[in-house]
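Subject: Structure handover

Hello,

Here is the structure I promised to pass on. Please open it alongside this note.

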Amino acid sequence: MATTVAVVLAGGVGARMGAGRPKQLIEVGGRPILAHAIAAFDAHPGIDEVLVVMAAGHLREAAAIAAPFRKTSGVVEGGDTRTASTVAALRRLDGRPDDVRVLFHDAARPFVDAPVIDRVLAALDGHDAVAVGVPSPDTIVVVEDGLVASMPPRETMSRFQTPQGFRLGTVRKAYELALADPALRATDDCGIVHRYLPDVPIRVVAGSERNLKVTQPLDAIVAEHLATLAAEDRT
């Protein structure tokens, strides 16, 4: 079977949190958000190794957090953008076979669970690109110049989460094409594949409302509550 690598992307500085340090180093439930994210993949039997991409200037802290996890294969410096951090991970994986399975996960999502990872890995058996999504509870509208331009049917809308899974050869090729585009703009890896390899189907599997992204101060409060609930479930 092909090797499966989980890449935990912690390259952001978390400016919207206003904490004065990367949000992935903030503690919830008694340990850093980054530790929760790494632990989820380290404990999963379908993951062979975990690679951490950390914001510049914080590699030593990230390495100390990652050290106790046996599947950690390295901590590398990320870039100024999400795209640059993914590229840093791909460079670390340079030379690996195209059939390697790679999962990219936002470190700011500390509560990804085994069933979500299971679904991504299962979908990769038949697809080269896999996204995680949850149905949108809100009506989504397209706004242009302050006016509603269109209202897509809500039942067709999903909010993407991570991990997003790929065959390494597919995501590597997509990024080669993307980096040659001076107009490159992207917020996630499936977006890169969708834009630059439009013939590659992207399978969407179910996510979880607990798989929240800690972005704003209120998110940290919710995350602390979820950590408490998780601890109670284990007792």
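In which helix is Ala66 found? Ala66 is found in helix α2. Before the rest, two points on the basis. This is a predicted model, where local features need pLDDT of at least 70, side-chain atom pairs count only at pLDDT 80 or more, and totals for chains, interfaces and linings use all residues. Residues are numbered from 1 along each chain as its sequence is written, and side-chain values use heavy atoms, with hydrogens and water left out. Helices (H or I, at least four residues) and strands (E, at least two) are DSSP runs, numbered from the N terminus.

Ala66 is buried, with a relative accessible area of 1%. Buried means under 20% relative accessible area, exposed means over 50%, and partly exposed lies in between (1.4 Å probe, protein chains only). Leaving aside neighbours within four places in sequence, Ala66 is in contact (heavy atoms within 4.5 Å) with Ile38, Val52, Thr72 and Val75. Ile38 is 28 residues from Ala66 in sequence, but their C-alpha atoms are 7.1 Å apart in space. Helix α2 covers residues 59–66 and lies across β4 (49–54) and β5. Its direction is at about 165° to β5. Axes are lines fitted to C-alpha atoms, for helices over the stretch in contact, and angles run from 0 to 180 degrees between N-to-C directions.

Ile38 belongs to the buried residues of α1. In helix α1 (residues 33–42), 10 of the 10 residues are buried, so α1 is largely enclosed by the rest of the structure.

The sheet

Seven strands form an open sheet with mixed pairing, in the order β5-β4-β1-β6-β10-β7-β11. Two strands pair if DSSP finds at least two bridges between them. The edge strands, β5 (72–77) and β11 (203–206), each pair on one side only. On average, neighbouring strands of this sheet are turned by 25° against each other, direction ignored.

Strand β4 has six of its six residues buried, so β4 is largely enclosed by the rest of the structure. Glu49, Leu51 and Val53 point one way, while Val50, Val52 and Met54 point the other. In a regular strand the side chains alternate between the two faces of the sheet.

β4 pairs with β1 in the parallel sense over six bridges. Ala6 stands opposite Val50 there. β4 also pairs with β5 in the parallel sense, over five bridges. Val53 stands opposite Val76 in β5. Strand β7 (residues 129–135) runs parallel to β11, and four bridges join them. Ala131 has Val204 of β11 as its bridge partner.

Helices α5 and α6

Helix α5 (residues 168–179) packs against helix α6 (residues 189–196) at an angle of about 70°, with the axes 9 Å apart. That makes α5 roughly perpendicular to α6. Angles under 35 degrees count as roughly parallel, over 145 as roughly antiparallel, 65 to 115 as roughly perpendicular and the rest as oblique. From α5, the contact uses Thr170, Ala174, Tyr175, Leu177 and Ala178; from α6, Asp189, Ile192, Val193 and Tyr196.

Asp189, Cys190, Ile192, Val193 and Tyr196 are the buried residues of α6. Seen down the axis of α6, they fall within an arc of 155°, so they line one face of the helix. The arc is that of the directions from the helix axis to the C-beta atoms. Their cover includes β1 (4–10), α3 (82–92), β6 (101–106), β7, β10 (158–167) and α5.

Best wishes
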